[in-house]
Amino acid sequence: MTGPTVPLRQLVLKVHSRCDLACRHCYIYEHADQSWSSRPRVISQETISWTALRLAEHAKKHQLASVQVILHGGEPLLAGPARLRAICEALTTELRGVCDLDLRIHTNAVQLNERHLDLFAEYGVRVGISLDGDQAANDRFRLFANGRSSYDKVLRALALLDQDRYRHLYAGILCTIDVRNDPVAVYDALADLRPPRIDFLLPHATWDEPPLRPDGTDTPYADWLLTIHDRWSERGRPMPVRLFDSVVSTLGGGPSLTEALGLEAADVVVVETDGTYEQADSLKTAYDGAPVTGKDVFRHTLDEVAHHPGIAARQGGLNDLCDQCRACPVVRSCGGGLFAHRYRSDGTGFDNPSVFCADLKELIQSIDDRTGASAARPIEGFDALADGSDEGTGVRQLARVRQDVTRGLLVALNEEIGPGAGELWARSWQLALDLGQRDGALLEQLLSHPYTRTWAVRCLDEGASPAHLASLVAAVALEAGSVEPVIAPVGDGVAYLPGVGSLRVQQAGGSAELIGHQLSGPDWEPLCRIRCDGLDVALDDADPYRDCFGAPAAGRLTDAESELWRHVLPQAWALIRKALPAVAVGMAQGVRLITPLAAQPDPEHFVPGGGFGALGVHLVPDAEAVAVDLVRAFRLGVLDALLDACDLYDEGDTRTGALLGDTYARAATDALRHDEESARRTRAQWAELSAAGSLTGLGRRFVDGIGRSL
């Protein structure tokens, strides 16, 4: 064996090898491989136990955050509730304390009843159902052996699953495409059933047994799917469609959500009812024996299976594709299509494009034209930010993104209020332009001040004072050593220079001219600055726009409070550097201010405040607690800045937003807490987040990265 083992994270467990339907398009019974006929009808208790043991040892060895097990067949419900309970119990017991278990069942649903669903509710088994559309489409293939329709029984099962007490178990509908069916009728029928997700599958075919192409058209499958895409879009995209979401995700540089697309390494293995390991089920359509590995759960580990040549052949990404695929402009989205669909018996085997090549290319390019998805690639360092492996690169890129966003806000602000804002605004705006022309770094300093963006947003939305621009510009100019007087607004006899300090002047309000030497005189009060092992921050207790963290900002610091900060912060920083060195690099590069808070922010709400540049923290005399709060605030700020650059979820979904923020923060802070209960909660939150329907393709990529860090 050579090369590192790619862990197998998805296991398809065949619990029954026969079916109560006689679907004429079934790859198990109707295609090349007929090994089902020699296997036990139902999985034995011994096979169940060994499978659970093998999966647990594999997850433990590779420190997997979660594994997915799909109960399959044949028709898995034929195994009966007692055997299904034994399977759920064995898997749950073996994986408890090792990793999270994502347990699912895929069924034709004709026998699904309350007894099954009560069992599934007990063990958290999510249910996916096969249905090919309206009755006319479904009855083309999905019939009983005597020719009777299965449609009404499936609809009754779906109505049961859609009840409030079972709805959380509903995983979605899988629909096999037949281009002779009306695509709009198929989609409308499925959408009317309110599935949480729809998955359209291309029918299994090879170059030896090519797919049906009515009228000799070149791309009938793409045309059929694009008609549905248009209908789905017209209706507001009411549920995720995995194939479409995968195309958008991969076009944007993210992962695929299906093995039928993308360049991700294969991580699925099948266990048959007799305990033999097989490769992906779809290979049964290629030739008799195509999925065989020669290994079983009784004698072989999953690591041994992972090194089987057939599985390894689907783990090399671009390098494993034929020359035609590697040269194709959509290869990073298509990934060569499903491995089984490349087969040709002329000696080339699987070293071919997909038999659906023309359809996949047309589908991907057309969806790109409709959505502009390829323009939505993630920022540099995106994946390293997600899994915490290199936060420095991502923070540097986010700093540039945040500056661009703030620049755009200021331009919009000048266009909206500039003409009527008076002389103070006009002089400050011109000085900002002059600073930028003289030295671009000075303008960057203004744009990167953490609360510039906060103020600009409030100016546009809430009517905050435009005069604050003069304070921002004055702070930059005076710190740069300007010898010319600059104007700043005054309140209660104080001119505040953001991020720098406060100057007492001889007037109560209005504005005053300031000169550089005043910043070292008796009326100058600089912000308290703390420097420790690479971290250089100011304690900002004066900025009028600092109150943005979901908890009240504290008042001006007393000498005793400043001294406590000087004592606790270096200790907290030392803990962060030791436990989270990659996070510490990002913090050292990005954090400029710490704003003391009067109370702890509510952890249930995603309120990032000043982005990663300003952290709102409630001081307590406990270095570990302060370290946790610092890292949490930093992670929330990173996420806030990232949302300026990338759409990670539907921001109308406040639950997913709060869950994403809390899980991303906890993924780092658990390393400081050393609390197993907290770590378990984080893993549970991550599992819930992974199932969120409002995540975009990039959002799923980001959440997957969080999972790698747990």
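I took helices (H or I, at least four residues) and strands (E, at least two) as DSSP runs, numbered from the N terminus. Glu114 lies in helix α3, residues 114-123.

I noted that the model is predicted: local features need pLDDT of at least 70, side-chain atom pairs count only at pLDDT 80 or more, and totals for chains, interfaces and linings use all residues. Residues are numbered from 1 along each chain as its sequence is written, and side-chain values use heavy atoms, with hydrogens and water left out.

**Glu114**

Neighbours within four places in sequence aside, Glu114 is in contact (heavy atoms within 4.5 Å) with Leu160, Arg165 and Tyr166.

**Helices α7 and α8**

I found that α7 (residues 220-234) and α8 (residues 242-251) pack at about 90 degrees, their axes 11 Å apart. Axes are lines fitted to C-alpha atoms, for helices over the stretch in contact, and angles run from 0 to 180 degrees between N-to-C directions. The two helices, α7 and α8, are therefore roughly perpendicular, a term for angles of 65 to 115 degrees. Leu225, Ile228, His229 and Trp232 of α7 meet Leu243, Phe244 and Asp245 of α8 in the contact.

**The sheet**

I recorded an open sheet of four strands in the order β15-β16-β17-β18, with mixed pairing; two strands pair if DSSP finds at least two bridges between them. β15 (528-532) and β18 (614-617) each have a single partner strand, so one side of each is left without a neighbour in the sheet.

Conventions: Angles under 35 degrees count as roughly parallel, over 145 as roughly antiparallel, 65 to 115 as roughly perpendicular and the rest as oblique.
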